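Subject: Structure for you to look over

Hello,

Here is the structure I promised to pass on. Please open it beside this note.

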Amino acid sequence: MRELPAETDVLIIGAGPAGSIAASILAEEGFRVTAVEKQWFPRHVIGESLLPRCNQLLHEAGLLEAVERRGYMPKHAALFVMEGRRERFPFANSLSGDWASSFQVPRDDFDQTLASAARAKGVDLRHGVELTGLSFEEGAAIAAWKSDDGEGSLRARFVLDCSGPARVLPRLLGLDMPADILARSAVYTHVEGDLRPEGAEAGDIWIVVHPGGAWFWIIPFSNGRTSVGVVAEDAFFDTHAGDDTEKLWAILRSEADTAARLRGAVQVQPTRRLRGWTTATSRLCGPGWAVAGNAGDFLDPVFSSGVMFALESGSRAARLATRQMKGEPVDWQRDYEKPMQDAVAVFKGFVLAWYRGDLSKLFFSPVKLENTIRSICSILGGNVFNQDNLFVSKGPDAAIESMLWGLRMLEAGKTAR
Ligand code: FAD
């Protein structure tokens with residue numbers, strides 16, 4: 001391995017979506033950017049369904065073309081399936097100004113694509129290098145690293161932690177907060193031969209409600225493979241016999257729409273299990289450092305918001321770090337921590353309402369109100385910043401409550417007539 005420099009302007013820890021987008025933006029601004037990534041790519045990581053907001057952020061960072069060249073499956077809508085009923089939320093129905101489509105991406109390929117594009121923009125990206133320690137002195141960060149070839153230290157003007165669930169900085173600085181969303185597990189794999197819808201609906205994500213308290217994802221790729229996964233509390237998996245593969249298939253086949261879609265499907269990857277992914281961090285920034293992506297907060301996979309938050313926080317942090325290193329005053333709390341925490345709070349309200357069952361009442365209501373549908377489509381598309389959206393301006397709990405109340409009134413009115 002080429003020797004790591006002793007000094008850099010920005011050190012980025014981790015080359016997932018948060019790290020690659022941040023590194024690209026900073027390198028384009030002319031800074032020396034060193035990104036250390038402990039794994040060799042391609043590597044396995046979950047999180048395959050993107051939101052339209054991701055496309056917008058990739059476009060703004062000059063990375064969308066590289067992604068488009070990969071020919072990923074276009075995703076135009078989220079389809080919810082419950083007790084034989086289907087509700088499709090096309091992103092084209094979002095509030096005006098939102099992007100109308102995204103992609104379903106095998107993450108090993110997607111992350112490698114972004115990392116290569118970042119390198120092409122001048123990022124000094126080193127695989128097989130793990131950050132092991134960090135201290136701050138005289139306005140600089142001193143990072144300790146190790147690799148198979150040895151170990152050393154590196155001095156940086158700014159450090160951005162994009163280390164995902166490893167959460168390097170929150171752990172080193174003691175910023176972990178208790179997660180207040182119930183711990184669940186996901187059991188998942190890839191299959192070939194699923195019977196997808198035709199045309200523009202082929203790339204929809206299916207989110208299927210299982211009556212026993214689980215939900216499934218079905219995410220079709222353009223390479224003929226489909227990602228399938230079950231999310232539930234451990235107790236639900238325990239009620240099914242066998243190993244995780246047997247449990248997975250027994251559960252998938254016990255829901256009629258899923259069973260029909262997967263009746264000829266063949267498993268082409270090992271079954272994997274993940275547990276307890278919710279994380280929360282008390283601070284996202286401090287003098288000379290910031291935390292982006294999953295290294296900060298991660299809620300739950302149900303609305304596929306993880307990569308969007310990684311790209312959003314990575315871009316915002318990179319733009320603020322740029323201004324700071326150019327000598328401008330930057331209010332990190334106001335311009336980074338607060339908007340990111342507010343955005344997470346909107347999705348958190350959605351996630352909690354989903355598990356309470358309130359959102360499915362809204363999604364499957366026989367009464368369709370245009371503004372409600374457009375607001376839902378916008379949130380499902382990842383735009384949690386638009387103050388014209390009631391879920392954002394009123395807050396998700398108050399908005400959901402008043403929408404459900406309105407729907408009850410309308411339904412009661414119809415029944416009375
Ligand atoms: P990561 O992609 O995790 O990248 C972090 C990188 O940092 C890794 O490559 C790691 O090797 C590196 N690293 C860690 N420690 C060090 C160190 N000390 N030194 C150097 N490098 C280091 N999101 C979606 O958008 N859509 C989905 O459909 C979706 N489904 C999901 C399903 C499940 C079950 C779960 C749990 C999550 C899902 N997510 C989904 C969330 C998604 O996986 C993450 O939000 C996303 O990968 C976060 O990106 P990131 O860049 O923050 O971190």
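Below are the findings, from the overall fold down to one strand.

The model is predicted: local features need pLDDT of at least 70, side-chain atom pairs count only at pLDDT 80 or more, and totals for chains, interfaces and linings use all residues. Residues are numbered from 1 along each chain as its sequence is written, and side-chain values use heavy atoms, without hydrogens or water.

Overall build. The protein has 14 helices and 20 strands. These are DSSP runs, numbered from the N terminus (helices: H or I, at least four residues; strands: E, at least two). The radius of gyration is 22 Å, which agrees with the value near 22 Å for a compact globule of 417 residues. That radius is taken over C-alpha atoms, and the globule rule is 2.2 Å times the number of residues to the power 0.38. Along the principal axes, the C-alpha atoms fill a box of roughly 75 × 45 × 40 Å.

Packing. Of the 417 residues, 57% are buried (under 20% relative accessible area, 1.4 Å probe, protein chains only). Take contacts (heavy atoms within 4.5 Å) between residues at least 6 apart in sequence: 73% of them join residues at least 24 apart.

Strand β7 covers residues 124–127, and both of its faces are covered. Asp124 and Arg126 are buried on one side, Leu125 and His127 on the other. Strand β2 (residues 33–37) pairs with β7 in the parallel sense, over 4 bridges. Pairing requires at least two DSSP bridges between two strands. Glu37 has His127 of β7 as its bridge partner.

Best wishes

Notes:
Buried means under 20% relative accessible area, exposed over 50%, partly exposed in between (1.4 Å probe, protein chains only).
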